[in-house]
Amino acid sequence: MLLAEDDRAIRHALERALTLEGYQVTAVADGVEALAQAHKSPPDVLVLDVMMPGIDGLQVCRVLRAEGDRTPILMLTALVETADRIAGLDAGADDYVVKPFDVEEVFARLRALLRRTSSPTGTASAAGTTGPGAPAPGVREPEPPAERLLTAAGLRMDPQARRAWRGGRELELTRTEFELLELLVRNAGIVLDHSTIYDRIWGYDFGPGSKNLAVYVGYLRRKLDEPGAPQLIHTVRGVGYVLRED
């Protein structure tokens, strides 16, 4: 694991807690060191503070994603506005924790990220593996056979390749966005409550006060919705969300 946090007290406390939890931690103080270390010895997961001098956590995330690095990234942020959280997701982060945080929440989110990464379908696709038979950079693979696709409300998903389309447009989704959309597609027309979604996607219910799910749904809507086309993900107030094409 690579931890990048410029606040010395937080960095040392979190490094100690993660080490006691069983993680092998490399801790650095800024984004420049984080990138250097990630290139030198690629970690299984990154924990990045958003606000760091020089190169901040968002820039580190953007650079790694631009290089094709799909290592799961958990952002630490003191920014609580929805727009700030969306900026982290837009940079390619998989999840975030808002400061001040409970270390048990960090553990839970890391377990969920690593569990998804180690799944049979998640490892190769998340890592961006290339090899014999892989498409050349910049070349889109053709869609798989119809029998391999999940379909609902005008969406098509290939869980094996972790690809999704709305109409003729392929969607660029992060790991968490893909898994959230897949859950909704598999349960199209069924209202899923917040607890069920948290448990299935994150493996942990962060409680009624958490805005994490709402942020992900909002960001997923931005990628799904098209001018003049019906909205696909609907909010059922006080309950949860449902995928349907009205």
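Select Val236 to begin: this residue stands opposite Gly240 in strand E12. Strands here are DSSP runs (E) of at least two residues and helices are runs (H or I) of at least four, both numbered from the N terminus. The model is predicted, so local features need pLDDT of at least 70 and side-chain atom pairs count only at pLDDT 80 or more, while totals for chains, interfaces and linings use all residues. Residues are numbered from 1 along each chain as its sequence is written, and side-chain values use heavy atoms, with hydrogens and water left out.

**The sheet and the helices on it**

Two strands are taken to pair if DSSP finds at least two bridges between them.

**Helix H7**

Return to helix H7 (residues 175-186). Its 12 residues should span 16 Å at 1.5 Å a residue, and its end C-alpha atoms are 17 Å apart, which agrees. The expected span is 1.5 Å times one less than the number of residues. H7 is mostly covered, with 11 of its 12 residues buried. Buried means under 20% relative accessible area, exposed over 50%, and partly exposed in between (1.4 Å probe, protein chains only). Among the buried residues of H7 are Arg175, Phe178, Leu181 and Val185.

**Helix H8**

Move on to helix H8 (residues 194-201), whose buried residues are Ile197, Tyr198 and Ile201. Seen down the axis of H8, these buried residues fall within an arc of 100 degrees, so they line one face of the helix. The arc is that of the directions from the helix axis to the C-beta atoms. At the N-terminal end of H8, select Asp193, which caps the helix: a side-chain oxygen lies 3.1 Å from the backbone nitrogen of Ser195. Just after H8, Gly203 takes a positive phi of about 75 degrees.

**Backbone exceptions in the loops**

Most residues other than glycine have a negative phi, and most peptide bonds are trans. Select Ala153, in the loop between strand E6 (150-152) and strand E7 (155-158). Ala153 has a positive phi of about 50 degrees although it is not a glycine, and it counts as buried at 18% relative accessibility. Arg162 is found in the loop between E7 and strand E8 (163-166). Phi of Arg162 is also positive, near 55 degrees, and Arg162 counts as buried at 18% relative accessibility. Finally, centre on Pro100, in the loop between strand E5 (95-98) and helix H5 (103-117). The peptide bond from Lys99 to Pro100 is cis, with omega near -5 degrees.

**The whole chain**

Zoom out to end the tour. The secondary structure of the chain comes to 9 helices and 12 strands, and buried residues make up 47% of its 246 residues.

Conventions
A polar contact is a pair of N or O atoms within 3.5 Å; within protein, one must be able to donate a hydrogen and the other to accept it, and residues adjacent in sequence count only if both atoms are side-chain atoms.
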